[in-house]
Amino acid sequence: MAAAAVKGIGAGLGRGLRELRIHLCQRSAGSRGARDFIEQHYVTLKKANPDFPILIRECSGVQPRLWARYEFGKEKSVSLDNLTVDQVAKALEDIVKSKA
């Protein structure tokens, strides 16, 4: 499912969206889904959107969170705490489709 969501997003990043940031902990169990998503799908997503900023921020003890920055500096975030890879992909898909 996660692979299908990433393919569905494809090169669709950038329409009103300016930047994606994923904050996560390198070791915590709550960040496992976010870490696994990055390991499995970051390269595919980045290859489809080579000029789009997708930032990965690792910090010990931080709660995993996906941030989206839209036009005019508006930001939206969703928690990724204790989500599976598929749930992280769904959260990404939803935040890409939504408008802040």
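Okay, a definition to start: buried means under 20% relative accessible area, exposed means over 50%, and partly exposed is what lies in between, using a 1.4 Å probe and protein chains only. By that rule Val62 is partly exposed, because its relative accessibility is 27%.

Some ground rules. This is a predicted model, so local features need pLDDT of at least 70 and side-chain atom pairs count only at pLDDT 80 or more, while totals for chains, interfaces and linings use all residues. Residues are numbered from 1 along each chain as its sequence is written, and side-chain values use heavy atoms, with hydrogens and water left out.

Back to Val62. You'll find Val62 in the loop between β2 (54-58) and β3 (65-70); helices (H or I, at least four residues) and strands (E, at least two) are DSSP runs, numbered from the N terminus. Who does Val62 touch, beyond its neighbours within four places in sequence? His23, Leu24, Cys25 and Ser31, where contact means heavy atoms within 4.5 Å. Arg27 sits 35 residues away along the chain, with 10.0 Å between its C-alpha atom and that of Val62.

Now follow the chain into β3. Tyr70 belongs to that strand. Is Tyr70 buried or exposed? Buried, because its relative accessible area is 4%. Tyr70 and Glu19 are 51 residues apart in sequence, yet their C-alpha atoms are 7.1 Å apart.

β3 also has a partner: five bridges join it to β4 (residues 75-79), and the two run antiparallel. Strands pair if DSSP finds at least two bridges between them. Leu66 stands opposite Val78 in β4. Four residues separate the strands in this hairpin, and Phe72 has a positive phi near 65°.
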